[in-house]
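Me: I am new to this structure and would like a close look at one part of it, followed by how the rest is arranged. Please keep the wording plain.

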There are 2 protein chains.
Amino acid sequence: MAYLDRQTATHGDGLSESARSERAWSEFTASNRVKRLALTEHEAVFFEGDRAERLFEITDGAVMLYKLLPDGRRQVVEILGEGSLFGLQASDLYDCSAETLTPVRLRAIDRHDLEAIPDLLGHINQCLLGQLQTMHDHAVLLGRKSAFERVTSFLMRFVPKRGEVGCAGPAKDGPDEKVVVLAMTRQEIADYLGLTIETVSRVFSDLRRRGLIAAEKHDRVRILDICGLCKLTGTH
Amino acid sequence: MAYLDRQTATHGDGLSESARSERAWSEFTASNRVKRLALTEHEAVFFEGDRAERLFEITDGAVMLYKLLPDGRRQVVEILGEGSLFGLQASDLYDCSAETLTPVRLRAIDRHDLEAIPDLLGHINQCLLGQLQTMHDHAVLLGRKSAFERVTSFLMRFVPKRGEVGCAGPAKDGPDEKVVVLAMTRQEIADYLGLTIETVSRVFSDLRRRGLIAAEKHDRVRILDICGLCKLTGTH
């Protein structure tokens, strides 16, 4: 894989392009050019159509990006976690709204500052490529998956390293369980999965009846059979 | 708008960062490091899971990116035209397949070469931001729009400068018409819009019956009332 590795182009300082950009990013975000913000849950960061003067890096918590149709229908287009960037636009205005899902810590970066430091672009492009790939998967979910497949795919997002290439399967000893914190209301989940709130609730009830999940208090769900749930995602 | 304009950071050569990157991109793509390819319509460029050693720039024609579920369901995730880049990945493998829709001219760029020239990153960044914004709109279409709204939104893609912010409306004299070349089969349109082929055909028939479009030969459609069609997209 050495050929495809980004550790290829080196400079006089012996650093590869990607290492150079990551270092530039760390130095820049540690500087006093970057403002630190702490927001509570369900707080607006910006609205679609606002002037896109700042972008944001999530250092803790989760943020959703959404768009509204004029009649009020909402689609959550991205859910972003720690290390993600949002609010960087090709044009002058934000193309969607951003709202926190949990208490969130952000770094706010002036677009102007960013453009003055080309070394930062390597880090930003890597983030954007990751987001674009996630959006491709989400288009498959929205365009081609059933309600059951959408909800189970959503739950599997919270189980790292399972259900993807190289998944090791369940541990040999002990139950194949995990408690996940959704940090989203049923309505938000519905708006992310392109479903109605009634359909989301119905699927959750069905999964409980089948013994695949159990409800915990508040917005927690205990997955009782990770492999069994994963087989319903349409990806196998 | 000067503040938000990308023409801000300048160097000793008096060029802004973005102008510098665009010039670097032109020079690089004119060099003999870049291979030129000419493909016919419906030819595969690469498949999901192939090693992502090259990326591509479209200089003429249209390309679709799609993903398959194991049972054969397909979702077209992006449709790209002249000037677009595709095949650049955060990881080592292509996350989707690429196929030409029309005869296409491509520039094939070795990923390795790209990483050695940091000046190219600004151009790539702008392309990625544009694609991400289009994917946001497509998520709204797939997640929240009706079949009618999806098909009419798709048709309006082919009418530049209408139905978007600052749309001037129909010309005062003459009919509000346009002949558009879809360059996609009904099945491909269905796979892009998250619909069945029967639904796409039914909506086209309905639009003909309402006098909003007329079928031309092959894959051409004459839009007879651009404003009328636009009002059905759900965006107004």
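In which element is the place of A38(B)?

Reply: A38(B) has its place in strand β1 of chain B, which covers residues 35–39. Residues are numbered from 1 along each chain as its sequence is written, while chains are lettered from A and ligands numbered from 1 in the order in which they are written. This is a predicted model, in which local features need pLDDT of at least 70 and side-chain atom pairs count only at pLDDT 80 or more, whereas totals for chains, interfaces and linings use all residues. Strands (E, at least two residues) and helices (H or I, at least four) are DSSP runs, numbered from the N terminus.

A38(B) is exposed, because 12 other C-beta atoms lie within 10 Å. A residue is exposed if 12 or fewer other C-beta atoms, placed from the backbone, lie within 10 Å of its own, buried if there are 20 or more, and partly exposed in between. The C-alpha atom of A38(B) is separated by 9.0 Å from that of R107(B), 69 residues apart along the chain. Another residue of chain B, E22(B), lies in helix α1 (residues 17–30). E22(B) has 17 other C-beta atoms within 10 Å, so it is partly exposed. Between the C-alpha atoms of E22(B) and E198(B), 176 residues apart along the chain, the separation is 44 Å.

Chain B also meets chain A. In that pairing, 49 residues of chain A are in contact with 49 residues of chain B; two residues are in contact if their C-beta atoms, placed from the backbone, lie within 7 Å. On the side of chain A that touches chain B, β5 (74–80), α2 (111–115) and α3 (121–144) each supply at least two residues. The most comes from α3(A), with 19 residues. By class, this side of chain A has 21 nonpolar, 17 polar and eleven charged residues. Here Ala, Val, Leu, Ile, Met, Phe, Trp, Tyr, Cys and Pro count as nonpolar, Asp, Glu, Lys and Arg as charged, and the others, Gly among them, as polar.

Chain A is superposed on chain B by a rotation of 180° with 0.0 Å of shift along its axis, at an RMSD of 0.1 Å. That is the relation of a two-fold axis. Both copies use the same surface, as 100% of the contact residues of chain A recur in chain B. Superposition is by least squares on the C-alpha atoms of residues with pLDDT of at least 70 in both copies.

Chain A itself has seven helices and eleven strands. Of its 236 residues, 36% count as buried. Helix α5 (residues 186–193) of chain A is largely enclosed by the rest of the structure, because six of its eight residues are buried. These are E188(A), I189(A), A190(A), D191(A), Y192(A) and L193(A). Their cover includes β4 (63–68), β5, α4 (147–156) and α6 (197–209) of chain A. Just after α5(A), G194(A) takes a positive phi of about 70°.

An automatic or database domain assignment sets the domain bounds. Chain A is divided into domain 1 (17–142) and domain 2 (145–230). The centres of these two domains of chain A, taken over C-alpha atoms, are separated by 26 Å. Their contact takes twelve residues from domain 1 and nine residues from domain 2 of chain A.
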